[in-house]
Amino acid sequence: MTSSSLVRTGAIAAPVLLFGYGALRLIDGLDGHHDKGAWMWNTGHVMFFAAMALLGAFAVGVRRLLPFRDFRNRLAANLAVIATLAGMVAFLWVIVGDLAPRFADAAPLPLPLQIVGQTALVLGLVTLLVQLVRAGRAPAWSPIAALFAFLMIPVNLDLIPVAAALLFVGLLPLAGAQRGAPVRA
């Protein structure tokens, strides 16, 4: 898969899948509780899993599109991708545990690693988006929208659909990204 297609697919599909997860989560909770194992729970978590995997692919694709003027820029981009991928793994670990309770019992991810992982994913993605802004390849509001989207989720999980819509707005300008081409806002 090319860098452009990784970015395009991640920019569109990740927020859409995250929205689907959040919507199914809301519907599942209408009766006051979330039914683990029910089709909505499982389908939603599979969508969440795919969204996180796509954000990891998105980060790799963005890294490949960045122009590097010096060692510091390259190092920052590489560390941002590593942070995003580490955070993605933490998310995926927890999601698999939600889908397979035996896995969660046998290999739980410690809470500090969950928190560090989630934070790493957000900081990595936002750093990459800031680098795109600095390179003139993304609008200035793109990393801001993504950051606010991710900050909404821990406030209240019922805000996931709103956060996904905001993430979609933040990433949409990158859907047509190509190496060396500016992104139109």
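## Pockets and a helix pair

In this predicted model, the lining of the second largest pocket is made up, by class, of 6 nonpolar, 3 polar and 3 charged residues. Leu-66, Pro-67, Phe-68, Arg-69, Arg-72, Asn-73, Ala-76, Thr-127, Val-130, Gln-131, Arg-134 and Ala-135 form this lining. Helix 3 and helix 5 are the elements that each give two or more residues to the lining of the second largest pocket; helix 5 gives the most, with 4 residues.

The largest pocket is lined by 24 residues, and Phe-48, Phe-91, Gln-118, Ile-153 and Leu-157 are the ones nearest its centre. Two or more lining residues come from each of helix 1 (3-28), helix 2 (39-65), helix 3 (71-99), helix 5 (111-134) and helix 6.

| Pocket | Volume | Lining by class |
|---|---|---|
| Largest pocket | about 600 Å³ | 17 nonpolar, 5 polar, 2 charged residues |
| Second largest pocket | about 170 Å³ | 6 nonpolar, 3 polar, 3 charged residues |

Helix 6 (residues 141-155) also packs against helix 7 (residues 160-171), at an angle of about 165° and with the axes 8 Å apart. Angles over 145 degrees count as roughly antiparallel, and the two helices, helix 6 and helix 7, are therefore roughly antiparallel to each other. Their crossing, that of helix 6 and helix 7, is left-handed. On helix 6 the contact residues include Trp-141, Ala-145, Phe-148 and Ile-153, and on helix 7 they include Ile-160, Ala-163, Leu-167 and Leu-171. By class, this contact of helix 6 with helix 7 has 15 nonpolar and 2 polar residues, with no charged residues.

How values were computed: Residues numbered from 1 in each chain as written. Predicted model: local features only at pLDDT ≥ 70, side-chain atom pairs only at ≥ 80, totals over all residues. Heavy atoms only, no water. Axes fitted to C-alpha atoms, helices over the stretch in contact; angles between N-to-C directions. Parallel < 35°, antiparallel > 145°, perpendicular 65-115°, else oblique. Left-handed = near helix turned anticlockwise from the far one by under 90°. Contact = heavy atoms within 4.5 Å. Nonpolar A, V, L, I, M, F, W, Y, C, P; charged D, E, K, R; others polar. 1 Å grid on protein atoms, 1.4 Å probe; cavity = no way out; pocket = protein on both sides within 12 Å on 5 of 7 lines; lining within 4 Å. Points joined across faces, edges and corners; volume = space filled by probe spheres on them.
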